[in-house]
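The sequence and structure come first.

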Amino acid sequence: MSKTTLNKNSVFFFAFIIFIISATIYLAANVNKLKDADSDILSLLPEDTNQAIYQKIKILSNESVNETIILISNKTPDDCISAGLAFQKSISRCIEFKNIRTLNANEKLNESKSLYEPFHNLLMPQTTKFLLEAKGLNSAIQQTESKLQSPLSVYYQNYLQNDPLLNIPLFIQSAFPIKKNQIIHDDYLLLKEDEEYFFVLQCTLNQSPFNQNIQLNVLSALNNAENEIKKQYHNTRIIKSGVLFFAARGNQIAQKEISTLGISSIVGVLLLLLMVFRSIKPLTLGLLSICCGIISALFVSSLFFDRLHLVTLTFGTSLIGVSIDYAVHFFSDHKINSKNWSASNCLNRILPGISWGAFTTILAFLALALNPLPGLHQIAIFSASGIIGAYLAVLLLFPKLYKPHTIQIKVNESYFYTYSSKFFRFLHSLKFLLVLFLAIIVYSLININIQDDIKNLYSPPEDLKNNEQMVHKIFDQTDPSRLLVITGSSIEDVLQKEENFCLTLQKLKLDQHLNSYYALSTFLPSIKMQKSNYNLLLMKINDSESKLTEEEKNIWFAYDNKQPYRSIQPINYLTPEIFFNSQFGNTFKKFIHERNGQYFSVVLPIGLKNETAIQNAVANKKEIIYINNRERISDSLKLMREKITISTIVIYILITILLLFKHGLKKSLAIVLIPLISALLALSVLVLAKQNIHIGHFLALIIVLGTGIDYTIFLAESQKINKSTWVAITVSALTTILSFGLLALCQTEFLRAFGQMVLLGVGFSYLLCPLFYSIASDKFEFTFTENE
Amino acid sequence: MKVWPIYLILAILSLLLAQKVNSDDTNNDLFKKKQIDDNTIQELKDIAKIFSDTTLVRTKFIQTKLIKGLKKPLVSEGNFLFAQNKGLFFETLKPFEQLTVLTPKNLIQKDSAGIVSVITSDAHPALKNSVTTFLSVFSGESEILLKQFQVYCEISQNNWQIGLIPKGKSSGNEFIVRITFSGDKFLKTINIDEKEGNTTTIQFMDHQTTPLELSKNEQNYFEQK
């Protein structure tokens, strides 16, 4: 080797060392950023094409992700309230909570009264409006008398002076109907279910629930409070719901999996190396290439992304099995050419093979970045940069660090070597099975069952799901994944459209297609509606006031108020500014949003039974959209899957074309066909096992190509097959199968499916790669003799 | 003309009127008496027995409500029914038709247009307490009364009076100053005095204890939804 080449190699060696050390220092300095990995599974999904709608849903869901509902139950209302208040006091010490609210009936009532009372001549419940329109002022007054005669008259008497028609109390009652399971005890609103009383705490976090520190602090505070309360109050149950618990559990599972999979992968790979090469140096250098791969992956990804996702890090553990491949080929070459072996000659021999292998694998991973799933962009960059790091470690570090005169590779005739040559012959003899495999593939593709449900990406833990369902049942919360969005040019425009549409919703309610609905206009009528109410009132007063009977006048002119409901002009309406700035109206801000001059309001159906009815109701209305978020995500996933299928086909064609220049048509087709058949065979096995096929499986098709093609490339590059080449391929396959096989044990559905596909695909690629020679009709030499 | 006789007549009239107010306000005498305790509880139990022996009673009623701010009282008339283990209802016929049904769990109201509204008593503490109180009196359940109220009792010849003052500030009772029940063989009058100075008086007359079975119509009243 010339002096220039030697100097160049030294420069690259040190440059790479400096890069690795710098990257390590950077990662050490930003270790908190790495610890704060994102665990929100939905952040892996793409943004909606309808940006405005998506933003609105995102804001609504962002506000709800910080909310936590805690139900404290007991057998008696008194114990329930005492336990609830004690729990509240205990968790209020936790600084991660921005606020903790109880359901105090009187407080809410007083807040609403103080907001609405000044507008008693502008706000009116539907019943009063109906009475005025259909029957006149005297019928409306009769309604008041009926209320005053009832056992609940005490609630109405104070309104008589200014509001003899009881507009405000009846308006509040109609806006907040008391549900059957609600009871008021000592001013607190409790929920009752199956002879158990529930005290409600609504807690808002001051930061994202996906922040790991927040999760730790809040869960610790909640657990301590729960233990305290249960000691004091027997029969107390605490039921918690909110995104925080799902995020924390997801985090726990992912971190456990990362460490389990990571350690298992490394241990498995190193044991395999030890078994095959029977020496420490390959072990240590193998570990070095893995570390270089992981450091490169973490470093480059940190530069591109603010936060890495736990799914990326979990997936990254599979990189271990892939990145060791280049080191394996390096050590195996030493075995083939142990006499007068040198690193530079070694690299000359294996470089085309490992370079093509690395190139196709990187290309396959980068192809993942072509589709719009943000999560896959991370996985693509992470994996590609990891493979480059491992490849460069072999290329730049190994020649300097792997000194043949200090090592005796004792690769004797172990059982592994004896068996692997017999195995190769056996596999090569199975070429007749190709036809059978093709038949299986065709049959499976015809019977494939594709499911694009979001459940396939993520299935929440049963206990958390049960808690969520219980809270939903008892608290009767709306389902934020199903909503209606109304657009308009102003808040007034949106409120008017909402009021109009609420007439349709009322009809759907009467037809029992839904239980109820939550609409902003119920609490903040439009100015047009307020004007209409006032005009109706004045008209009826002018028509009928002089014709009232003595009994009716007795109520109408209570407290000698000679002119009830007349307003001084100009009238002060209940405006959105007044409403949203009030303590009561403040909580409704999340239901209206403005973007680029357009306004959106959200109407939430409660207890929706017939989705088709709602879809039909909005069918001809451009300004009202019904969104089923879950279906929307599933539709997105379907689109992604279709795009991924096309990308996969394109990648396969591209790689074939690139290989054409080196290997000609027959060989190129043979190189690509083996991983293609293997991938489809893997899919067929899962179809025959009656698995639901989803986007995770389709994504794995690209990876099977990228990793499985390495074996056929090496066979194509080798002039003769000998034990050590075949052992290198076998070890590569085993390490990859080990890594992805472990991924198939993940609890995260998406990763599990991905791991299953790659495990099977790479497995089949290995088993079928001897058939490369049959497809390529290439003559080859078996040289499985000793001392080769 | 001499004016002093006019003033004398006016003064006498005033005195007479004051006497009438005082004699109508016999309730005050009741509440000056000793509160029921363990020694005098038998009197309460004797009255309670009158009620507990009555499984079903039908009467006419007149309700008079004096509400602050209204110049005239609100008066309604109609039919009343109490049935053990079911509840009670007021079927108002004048000045307009209305049905009010009280069961241990619900207040059901049906207005003259036929619109029915159901309110669970758990959701309204004031309602819950009224329901509990009324049904306890009508059922003769003295223990419940003693728990929630300071109870005053007087029996004289064939007449009796029970007075109730809410104990402490239990939810729903904060509006009530006191309640008085009076009667002889049957309950004749209920007076409710509220904190704002409002009062409700319900008078029962034409008591009938037969037939013992509820008619179909009466059954339907309790089953309104």
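In this predicted model, Gln157(B) takes a positive phi near 50 degrees in the hairpin of strand 7 and strand 8 of chain B, where 2 residues separate the strands. Strand 7 of chain B spans residues 149-156 and pairs with strand 8 of chain B in the antiparallel sense. Within this pairing, Val151(B) is placed opposite Leu164(B) of strand 8 of chain B.

Strand 8 of chain B also runs antiparallel to strand 9 of chain B, residues 176-183. Here Ile162(B) has Phe181(B) of strand 9 of chain B opposite. Of the 8 residues in strand 8 of chain B (residues 159-166), 6 are buried, so this strand is largely enclosed by the rest of the structure.

A hairpin in chain A is formed by strand 9 (residues 592-595) and strand 10 (residues 598-606). It has 2 residues between its strands, and Asn596(A) adopts a positive phi near 50 degrees. Arg595(A) has Gln598(A) in strand 10 of chain A as its bridge partner.

| Strand pair | Bridges |
|---|---|
| Strand 7 and strand 8, chain B | 8 bridges |
| Strand 8 and strand 9, chain B | 5 bridges |
| Strand 9 and strand 10, chain A | 4 bridges |

Helix 18 of chain A (residues 433-446) contains Ser444(A). Is Ser444(A) buried or exposed? Ser444(A) is buried, its relative accessible area being 1%. A polar atom of the Ser444(A) side chain lies 2.8 Å from the backbone oxygen of Ile440(A). The side chains of Ser444(A) and Ser684(A) make a polar contact at 3.5 Å. Leaving aside residues up to four places away in sequence, Ser444(A) touches Ser684(A), Val687(A) and Leu688(A).

Conventions. Residues numbered from 1 in each chain as written. Chains lettered and ligands numbered in written order. Predicted model: local features only at pLDDT ≥ 70, side-chain atom pairs only at ≥ 80, totals over all residues. Heavy atoms only, no water. Buried < 20%, exposed > 50% of the residue type's maximum accessible area, 1.4 Å probe, protein only. Pairing = 2+ DSSP bridges. Polar contact = N/O pair within 3.5 Å; in protein donor to acceptor, adjacent residues only side chain to side chain. Contact = heavy atoms within 4.5 Å.
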